Amino acid sequence: MLNRVILVGRLTRDPELRYTASGVAITRFSIAVNRNYTNQQGEREADFINIVTWRGLAENCANYLRKGSLVGVDGRLQTGKYENQEGRTVYTTDVVAEDVRFLEPKNRSESVSDFGGGSFGGNSYGGGNNKNVGRKPMDDPFADDGQPIDISDDDLPF
């Protein structure tokens, strides 16, 4: 069986950090993901996807992400249900994130790699195998230095 979700989108609101009764951090937020086509009015529609993060990943998302932040989310789809106050069954669908990539700098003067390579979760956070430790912002080959990139057609793979 396979349950894998990979999304890129922008946060629709600030993340909400809470703690369970046993002290485990959980953060919830949603991202807007553009659809690949336009509607009859020529406008691009979006899907709004609920994201859930746990533990250290949850705390990092709450500390560094804000409404409008561009993120890449890697995780799994999880469904659930509960009864609301009127006694009706409410069905939920969330992406439980295992890895969240911060895809743009905190501000114009700082690079994504300034806070750990822009990745929290999975193998990139903790565990002692973070290859980004000690990297300087200039080590990012994709950092925007404001200069045009000179690439010849021979360098492109297509």
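**Note on the predicted model**

1. The side chain of S69 has a polar atom 2.8 Å from the backbone oxygen of R66, a polar contact in the sense of N or O atoms within 3.5 Å, where within protein one must be able to donate a hydrogen and the other to accept it, and where residues adjacent in sequence count only if both atoms are side-chain atoms. S69 sits in the loop between helix 1 (55–64) and strand 5 (70–83), helices (H or I, at least four residues) and strands (E, at least two) being DSSP runs numbered from the N terminus. With a relative accessible area of 14%, S69 is buried (buried is under 20%, exposed over 50%, partly exposed in between, with a 1.4 Å probe and protein chains only). Beyond its neighbours within four places in sequence, S69 is in contact with G9, R10, L11 and E104, contact meaning heavy atoms within 4.5 Å.

2. As to provenance, this is a predicted model in which local features need pLDDT of at least 70 and side-chain atom pairs count only at pLDDT 80 or more, whereas totals for chains, interfaces and linings use all residues. Residues are numbered from 1 along each chain as its sequence is written, and side-chain values use heavy atoms, with hydrogens and water left out.

3. The protein chain contains 1 helix and 7 strands, in the order β-β-β-β-α-β-β-β along the sequence. Of its 158 residues, 27% count as buried.

4. Strand 3 (residues 25–38) pairs with strand 4 (residues 44–54) in the antiparallel sense over 10 bridges, pairing requiring at least two bridges found by DSSP, and I26 has W54 in strand 4 as its bridge partner. The two strands form a hairpin with 5 residues between them, and G42 in the turn has a positive phi of about 80 degrees. Strand 4 also runs parallel to strand 6 (residues 89–102), joined to it by 2 bridges, with I51 opposite V95.

5. The whole structure holds 8 salt bridges, each a side-chain nitrogen of Lys or Arg within 4 Å of a carboxyl oxygen of Asp or Glu. One of them joins R4 and E98 (3.1 Å, N to O); because R4 lies in the segment before strand 1 (5–11) and E98 in strand 6, the pair ties together parts 94 residues apart in sequence. R4 is partly exposed at 43% relative accessible area, as is E98 at 35%, and R4, D74 and E98 are linked in a network of salt bridges.

6. D99 and R101 also meet in a salt bridge (3.1 Å, N to O); here D99 is buried at 11%, whereas R101 is partly exposed at 37%.
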